[in-house]
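Subject: Structure for you to look at

Hello,

Here is the structure I said I would pass on. Please open it next to this email and follow along.

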Amino acid sequence: MTPDGPAIRRVRKAQNMSLRTLQNLTGYDRGYLSRMERGLIRKSADHRVRTIASALQVKPAAITQEE
């Protein structure tokens with residue numbers, strides 16, 4: 001899946017969620033999540049995107065780009 005970093009950040013901020021909270025909910029490193037939000041991680045394993053979507057309580061399509 002291709003994560004849409006700015007969409008992840010928008011959803012996270014709309015929920016007043018910090019990167020630290022997202023880190024705690026997903027188990028992924030804060031630096032990794034930050035790089036993903038900034039678009040530095042262009043491909044990610046499907047399960048990682050699904051885990052982030054679940055933590056944000058959105059469907060994976062809300063935080064991915066169509067290829």
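Below is what was found, from the whole chain down to single residues.

The model is predicted, so local features need pLDDT of at least 70 and side-chain atom pairs count only at pLDDT 80 or more, while totals for chains, interfaces and linings use all residues. Residues are numbered from 1 along each chain as its sequence is written, and side-chain values use heavy atoms, with hydrogens and water left out.

Overall fold

The protein has 4 helices and 2 strands. Both kinds of element are DSSP runs numbered from the N terminus: helices are H or I with at least four residues, and strands are E with at least two. In sequence order the pattern is β-α-α-α-α-β.

The radius of gyration, taken over C-alpha atoms, is compared with a globule rule of 2.2 Å times the number of residues to the power 0.38. For 67 residues a compact globule would come out near 11 Å, and the protein has 10 Å, which agrees. The C-alpha trace spans about 30 × 20 × 20 Å along its principal axes.

Contact means heavy atoms within 4.5 Å. Of the contacts with a separation of 6 or more, 62% are between residues 24 or more positions apart.

Surface and charge

Buried means under 20% relative accessible area, exposed means over 50%, and partly exposed is in between (1.4 Å probe, protein chains only). Of the 67 residues, 39% are buried. The protein exposes about 4,200 Å², and carbon and sulfur atoms supply 46% of that area. Accessible areas come from the Shrake-Rupley method with a 1.4 Å probe; for residues, only the protein chains shown count as cover.

There are 13 positive and 6 negative charges, and their mean positions are 8 Å apart. Lys and Arg count as positive and Asp and Glu as negative, with His and the chain ends not counted. Each charge is placed at NZ of Lys, CZ of Arg, CG of Asp or CD of Glu.

The aromatic pair

Rings of Phe, Tyr and Trp (its six-membered ring) pair if their centres lie within 6.5 Å; planes under 30 degrees apart count as stacked, over 60 as edge-to-face and the rest as tilted. By this rule there is 1 aromatic pair. The ring centres of Tyr 28 and Tyr 32 are 6.1 Å apart and the planes are at 65°, so the pair is edge-to-face. Both Tyr 28 and Tyr 32 are buried.

Two residues with positive phi

Most residues other than glycine have a negative phi. Asn 16 has a positive phi, near 55°. Asn 16 sits in the loop between helix H1 (5–14) and helix H2 (19–26), and is exposed at a relative accessible area of 72%. Gln 57 also is not a glycine and has a positive phi of about 60°. Gln 57 is in the loop between helix H4 (46–56) and strand E2 (64–65), and its relative accessibility of 72% makes it exposed.

Start with Leu 22, in helix H2. Is Leu 22 buried or exposed? Leu 22 is buried, with a relative accessible area of 0%. Beyond its neighbours within four places in sequence, Leu 22 is in contact with Arg 12, Met 17, Leu 33, Ala 55 and Leu 56. Ala 53 is 31 residues from Leu 22 in sequence, and their C-alpha atoms are 10 Å apart.

Next is Arg 35, in helix H3 (residues 30–37). Arg 35 is partly exposed, at 35% relative accessibility. With the neighbours within four places set aside, Arg 35 is in contact with Leu 40 and Ile 41. Gly 5 is 30 residues away along the chain, with 8.2 Å between its C-alpha and that of Arg 35.

Val 58 counts as partly exposed at 24% relative accessibility. Leaving out neighbours within four places in sequence, Val 58 is in contact with Val 11, Ala 53 and Ile 63.

Regards
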